Structure formats: structure tokens, C-alpha cells
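Please look over the sequence and the model below before reading on. The paragraphs that follow begin with a single residue and then lead through the chain.

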Amino acid sequence: GLAAALEGVALYLDPMAIKFVRGAGGEVYYNEQTDAMLLVQAIALILSIVIGCMTFTGSCVAVLKLHGTIASKPRIPPFRWGITFLMVTAIIVCSILAFVGGDRTWNDREDGLAMILAVAGVSSLWGILAVLAIGGGDMPVSISFLNSLSGFSTSAAGFMTVNKALVISGAFVGCSGIILTLVMCNAMNRSIYHVLVGGFGDSGKPKTPASDKSGPEGQVTEVTAEDVVDILTSSKNVIIVPGYGMAVAKAQHAIADMTSILRARGVRVRFAIHPVAGRLPGHMNVLLAEARVPYDIILGMDEINHDFPHTDAVLVIGANDTVNPAAQTDPDSPIAGMPVLEVWKARQTFVMKRTLNVGYAGVDNPLFVQPNNAMYLGDAKKSVEALIDLLRTKTTSNPEPKAVVDIEEQATQKTLDPVDKFVAEIPMLQQDAFLTIGVTNETSVHEQRVSLVPSGVKRLLKQGMLVLVETGAGSGAGFNDAAYEDAGAKIVPNAEAVYKSAEVIIKVAETLKSEIGNLDQGKTIISFVSPRTDGGMALMQTAATAGVNLLAVDAIPRISRAQSLDVLSSQAKIAGYRSVVEAMNVYQRFLNGEVTAAGKFDPCKVLVVGAGVAGLSAIGTSVAMGAIVRAFDTRLETKEQVESMGGEFLVLNFDDEDGGDDTGYAKTMSKEFYDKEMKMFREQAKECQIIITTAAIPGRPAPKLIMKDAVDNMQPGSVIVDLAGATGGNCELTEPGKVRIYNQITIIGVTDLISRMSWQASSMYSNNMSNLMELLCPKQSGGTSAERKLDINMEDKVIRGMTVVKDNTITWPPPEDVTKTAAAAPKLTKSDSEIWRDDHTTGIERKPKTPSIFSKRVFDLTTVGELCAVVCGGVFFGIAAIYAHYFFVNMLLYFILSGFLGYYLILNVAPALFSPLMSTSNSLSGVVILGGMVQASLPYGSVSQILGCIAISVAAINVFGGFAVSYRMVLMFRTEN
């Protein structure tokens, strides 16, 4: 940028500038330039100075911000727009006076030099103020934009010196930089305009109550290095999410060492990179490459986001806004709609930060209080080094087993193993317990599940909660009494003993009235209740009369905070999986297509009705077994979820009707919608061999979706699995609790599919209940377990939502703001509903911007904005064709073609290589050195020659230094092999 500005000043002072082209020997191809040609040259000269000075001073400020010399927060001067207007006006006025003032000609520029220097000075000040107003979090976008400006300044120098090489390379760099800038703006859900004007989320509007909260609701869980290592070593899949905090602490080498140790233990470790993480494009990728982390285990946001639900542990190191779930759950948040890494969907997350302070956007992060998240506070480098020390200790104390093991040595070693520390601590833990929990045999005939498994009992006892287990309670799920005793539970002979001694009873199936009658006043039962049904209402009335607190696990709000407690989801996932297993047991053909010597067999086609948790589980299982899967749901927001699982989503075209309610469940649809739905199912039944239905509406009988005429269309040997059998079934021919064969079509309506996987179902339910008990018994800050107690806190949305009876009072239903999900639409008036739309990619309801006149379509062919762009382009090229010299037209063509080349180049570069790409393109912009070489050939000692020599020196730093840095960066990136 500085070189282009110097060349502009040098050309202004060049007495031979009126000559169009000069040869090496001084011969002249064109004697004098026309007025039109001189005008083009003057405009290019001014642009070269303005853009070059802005680029240079802006880059200097950016360097100082990255170095920490200047604070990274945005510094916006008062009356900024007025100052900007005055600077632009001064540049235009001084530019005009530099060329037309007095009798000034191209051979007499001394009088106008002051005006040119004024243009340079004001442009330099503009560059400083522009970058000062940009915050540290927006620096990747700012640096990319400055890089593109350096390219355009080179192009401007090419136009003013009539040099095609400068025009081509400048257009290449400028256009590729602009595209890269727009890519990163999209990753932040912000326009380039809002980034460049500075600040974040400051719209000038008054804050809403949602945006004025003091912090996220919930309790922060802090852990030690030992806790983190225990989870990491027991995990199979780990994802590490680095952020700017890693760069500040210079922890990349320690993280690389930790990665190597975990991978040596057989843990699959990958890195998830947000496009704008850090302060440079590709900042995290470069740091990890420097630490020799193979870049084929470093994945971008779009590549890895769908893997978080299947990940055991996520380690977030110094990242904040890029992992903030408020972007998807809070429509009033400044970062609403910003694509983020969905780390909260993993089984366990650890956030490593120095403090709990907010990130660059200045908004609280609900991730910190998620039940499945823990905070590991401290300096990133020191914290990771502590993890490494513990990992190495574990590796040393637990060496890999030898290939050949001596049986006698193994038996001897087993007898010498020390007693488990936990076993020795059980008597003390039981004595110090502050709460007693009871587990009884389930009374339902076909129920094989148990509410707490031994691992959950052990976990709760460590938290200070003693569990009483009725003898034989876990036998149906494969857990004997001895396993419970080893985990610290006390075995009691019957349910009456449990009811008498326990303060909290946890059950799986719905509680019976007789069980409530066995409890003393003030005790608590946690179980399924079905509060929307008549039976549930009668049960709540019984509990209120008896003074027993009743918590319904099927009424837990479906919000992100409660995901680890959501028994409906965990049990439904099993039901969906088991439905495919049951269908396969009956279906007499391959699910996947087969081509064998014995013939070719087409893959099975599966239709899944309802894309909730059970439906998605069935889709994933069917796809994994090779079937062709189609799915339908009235809630259109499930379309992307179905497609991410490998299924095909069937759509009915109803623009004004969506099947989701405020709580995230399906709702009853209109008759017209229902008729179209039935027609679609009849057509699909002709092609699909397996139909799995999961549709349910809480508190109502299951909707009839697969009618007799649809079943008649199915092929002999087909199977229908009706997961809604307990509430009447989705198929008209379903017999709840039975398997029916109709015209060689098997209809499975059994209601105990989950109990048929009792070990898995009990383990998942137990984990949900353990998480729930930790929420109900929060740790006191700095306190001990003895100070903890059961606290049914009605201020907590999760607890309020599931508490249906408390202190002799029926508290169902909860307030609407408790049950409403993030995706639920607000209650609107008729006029409001016309301007609200559902953003299915983020699950956020938000009010879109009022469409401008340029977005309106003309004759349903194009928008007004596109038409204006075409007209302006046509006018420009028309003027160029009439007045411009063919040399200018020729260079303009080169500029346009080079811009297209830069555009297509950036589309083929992986985000991991954005930093090397910017470095290389920045080096290419150093071709402005050619302009300096031309001006260095002017008469010896002239001001133009001196400025040309300085421009050569400055540009040489860009060329040689840039390529050296680029080469060094590229060498750092390596693959696994």
C-alpha cells in the first residue's frame, strides 16, 4: 500500500507523465495523451494514493492491536460519521484542486503537491480511525479486507502507469481478498458493513429484558485436572476446540503433546476450528501446524458439527463466542443466528478459561452452566501441562498389556492388587450421606428396567446420597444385588422398607396411587406421571392430598440445559433403534442391496413417520444397515435433521401451516393437511417394505396415519412397527400390545420395546436421574457435602417445569415461558405474523429486516438491485466504449478476468490454509515494485526517481518477506503420514 502511494506521488511529479508510453531508449509511441486518457490516469493516481495510504496506516494499527500495544476493544470517536464525511469531502476537494487549480499542467506540479500530500495525510488518518473502530474479534475480517485493499491499490497503480502486470496481480489479490472477507463475515452472521463500522451488537435500540440479564441461569460446575483426565482416558472420541485463549497462552505445543498421548492410548482425537477463531484468518490452523499437529485431524465447523452428538468429550480451550449456544437459543442475543460449534451436544464438555468473563461479543455463555459441562479454570498452557503430567503418570502406572501373558504371573498380580479405595470408603460415605434415595421393583408386568444402576448408585454415593435398593430390583436389567452392594447401595427386603426409610423414591414406570399412600408427608417421588392425561391428573390429586411431592420426568422442559436429564429422548432413542431390530426379525429379506452370483436384490425401502428422537434413531439405524430411508414429520424444522442422518425428507407444500407447538412437540393439523398426508402415505406404502410410526401428541390419543387402504397397498411380507401402540397406535389396524398379521403384513404394536433392551435403557435412565439429583441437590459455594440438601427450587426453569405437586399443591401446568422451546414462535397478532419467519437452520424465531426496494422482483425475473447493477454496468461500459482509449479498455478486460480468477481460486482453498493464502496473495501484491522500477528510470536525482527507489525498497520487503513467510507456513502443514 505504501509503495503504491509513493508511486502515485512520483507520477504526479513526473514531467513526462503526459507521454502515454515510453520505450527504454526514450522513444515515444504516443506523443500526448487525450483529455479522457489524462482523466483516467488522474483518477487512478488519486485512488492509488488513497487506498495505498489507508492500507498502510490501517495495517500498522492492526499490527499494534494484534501485538497488544493497543487495546483490542473498538475505539469509536464521537461524531464518527461527521468526521468521515469531512474526510471524504476533503479528499475529493484536494484531488480536484491538485489537477485543475490555476494554470497547472502535468509539467508544472509544484503548486499542487501540497494538495496531493493533503490527500495522502487525510487518507492515512482515515485508515487509522477505521481500524481503531474494529474490535479484536473482528480482526480476521479486517486483515483480510486490508489485504484486498493492497491488491486494489496495486491495480490502481497499474492503471495510472499503464502496466498490465500491476492490473492483473492487483485484481487477483483484491477480488480474492474480498471473497475471503465475505466468507468470514458469513461465518459470523454479520455483514461486512457492520464489521467495518466497528462495535458489536450495538444497534442503538433499547435493550430487551432478555438481553439485560445479569448472567445465564444455572450453576457452574468446576473440576480439577484429575476429573478431566478421568473422562479423557475413558473416552473413545475426543474433540478439541481451540480459541484465541490458546494463542494468548501459547499452549499449542502442550496441546500437541497431549494429543499424541491420548492417541497413543487409542483415543480418537480431532480438532474443530471455527472460521473466525483467533485474530487472523486460519489463526488456529497455523498455530496447530506450527506444533506439528497433522492437519487431516483438524476439521472445519461444517465438517464436524454433526459429530458432536456422538462425541464422548469435548475440550474447549480459550474459545467463547464460537461455542455459545445463545446464538441458537436466544433471538435477542447480539450473536443470534451466528453459526457456532455445537459442543453442548456432546456427552461431556470441559471449558478451559482463565475466568468466567464474557467473550468479545460481550454476551454471557449458557454453555458454562450446562449440566454436561464443567469449567477447568486457569492459564491454558499450565492447565494442559497439568493434564499431560497426569496422563503420563496413568500411562506409566497402567502400561499396555504384553503380547504374551504368563497366566501364573497374571493370577499372582491379581491377588496383589490393592483394594479399591472406594470400597474402603463405603461405610464412611454411607454414614455421612445427607439424603436417602429409594429404588423398588417396578410393578408393571412387562417392565424389566430399573431406575438406578450400580454405576449411578456409586456416583450418587460419592456425592453424598445413599441409595436403598429393594432386593431383585435390577435383576430384569442384568444387575444383581451383589453389584449394587459393591457400588455402595444398601439392599432391603421389600418395597415397604424402602418407602419407610427413603426420602426420595425414583421409579421408571408411572407411580401408582397405592405407592403414594405408602409414603409419609413431605417425601418425594420422581417418575413418569403423564400430567396431561386424566390418569395423571388423578395421580397428582392423590399426591397433593397425601402431601407427597411429585416430579414428572416426562414434563422436563425440552431446552438445552435439560438435555442431560431428558428421559423421553434417551428412552425414545432406544425405542427407535429397537423398532428396526424388531422389523428385521420379521422381515425376510436383506435391508441393504446385494449383488451376488445368486442374483441381484434391491435394498429395502423404509418409511419413518415422525422425526423426533425415536424417528431419527430409527432412520440412523436403518441407514447404517443399508436401507433406503424416507421420513415425514409435520414439523418442517426436522428436515435438516433427517437429511443429516441420511434419510430423504418428504414435504407437503403448505406454506401457512407448521406442525410444531410451543413445547417442541407435534400438534393437530387441519383437515386439508390431513387429507394430503393420507394420500402421500398411500403412495409411499406401495413402494416401502417397512413402515415405522412414531407420531404422538402429548395428552391425546395417537393420530391415525396409516389407514387400512394404505396397508392394502403394501407388498406381502412387509412390516409395520407402531411405536405409538400405547396410546392407540398410528396404524388403523394396530392392536396395542400385540403382533398382528393382516394379509401377510406383520403389524407390531407391542408396548415393551424399550424393556426388551432393559440393560441399555436402565443405564441411560440412571444417568439421567443421576444428573437430575445433582441439579436437585446443588453444591454450596465453598461448602461440603454435609451442607447440601434436597432443594426443589421453583425458580429454576427445569425443576419448575417437571414439578407437578409440591407442598400439598398441584403446580401443573407450569408457566408458558418455562415450557416454550427455543424454536417456539412467540404469540403474535395477525399483523405481526405476516413479518415473522422461522429460521430452520438455527431454530430461532426472529423478525427479519424490512425488505428494501432493491430486493423487489421485476416481472418475476430479477430483483431491482440486480437490474440496477446491470444498468450501471452497461452505462459504464458504454462510456468506456465511446471515450476511453483502447489501452484502457484492454487493461479493464484484464482486471475483470483476473478478478474472476481470484474468485474461483478462493473457493478451492480449504479454510485451514487461509493464512498461507493471504500471505501468498499479499506477496503477489508486491508486484507494485514494477511501477517503482519504471519511475526509477527517470532523470537522476529527480523527486520522482527518489520516490520510485523508495517504493522499490518497500515493495521488495513485501515480495521477498512475504514469499519466505508463505513458504515457511506451508511447510508446517503436514498429514498423518
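Is Asn-808 buried, partly exposed or exposed? With a relative accessible area of 39%, Asn-808 is partly exposed, where buried means under 20% relative accessible area, exposed means over 50%, and partly exposed lies in between (1.4 Å probe, protein chains only). Asn-808 lies in the loop between strand 24 (803-806) and strand 25, and its phi is near 65°, a positive value in a residue other than glycine. Helices (H or I, at least four residues) and strands (E, at least two) are DSSP runs, numbered from the N terminus.

The structure is a predicted model, so that local features need pLDDT of at least 70 and side-chain atom pairs count only at pLDDT 80 or more, whereas totals for chains, interfaces and linings use all residues. Residues are numbered from 1 along each chain as its sequence is written, and side-chain values use heavy atoms, with hydrogens and water left out.

Taken as a whole, the secondary structure of the chain comes to 35 helices and 29 strands, and 50% of its 977 residues count as buried. Among contacts (heavy atoms within 4.5 Å) between residues at least 6 apart in sequence, 72% join residues at least 24 apart.

Six strands form an open sheet in the order 5-4-3-6-7-8, with parallel pairing, two strands being paired if DSSP finds at least two bridges between them. At its edges are strand 5 (298-300) and strand 8 (373-377), each of which pairs on one side only, and the twist from one strand to the next averages 25°. Three bridges pair strand 4 (residues 268-273) with strand 5 in the parallel sense, and here Phe-271 stands opposite Ile-298. Helix 10 (residues 252-264) packs on the sheet, touching strand 3, strand 4 and strand 6, and its direction makes about 145° with that of strand 4; axes are lines fitted to C-alpha atoms, for helices over the stretch in contact, and angles run from 0 to 180 degrees between N-to-C directions. Because four of its five residues are buried, strand 8 is largely enclosed by the rest of the structure.

The largest nonpolar core has 41 residues, and those with the most contacts inside it are Ile-240, Met-258, Leu-315 and Ile-317; such a core is a set of buried Ala, Val, Leu, Ile, Met, Phe, Trp, Tyr and Cys residues joined through side-chain atoms within 4.5 Å. Helix 10 supplies the largest share of this core, six residues. Leaving aside neighbours within four places in sequence, the contacts of Ile-317 include Ile-240, Met-352 and Val-384. A second, separate core of 39 residues includes Val-469, Phe-479, Leu-776 and Met-802.

Some backbone details deserve attention. Most residues other than glycine have a negative phi, and most peptide bonds are trans. Ser-530, however, has a positive phi near 55° and sits in the loop between strand 13 (524-527) and helix 21 (534-546). The peptide bond from Trp-812 to Pro-813 is cis, with omega near 0°, and Pro-813 is in the loop between strand 25 (809-810) and helix 29 (816-819).

Finally, a search of the whole structure finds zero disulfides (pairs of cysteine sulfur atoms within 2.5 Å). For Cys-868, the nearest cysteine sulfur, that of Cys-872, is 6.3 Å away.
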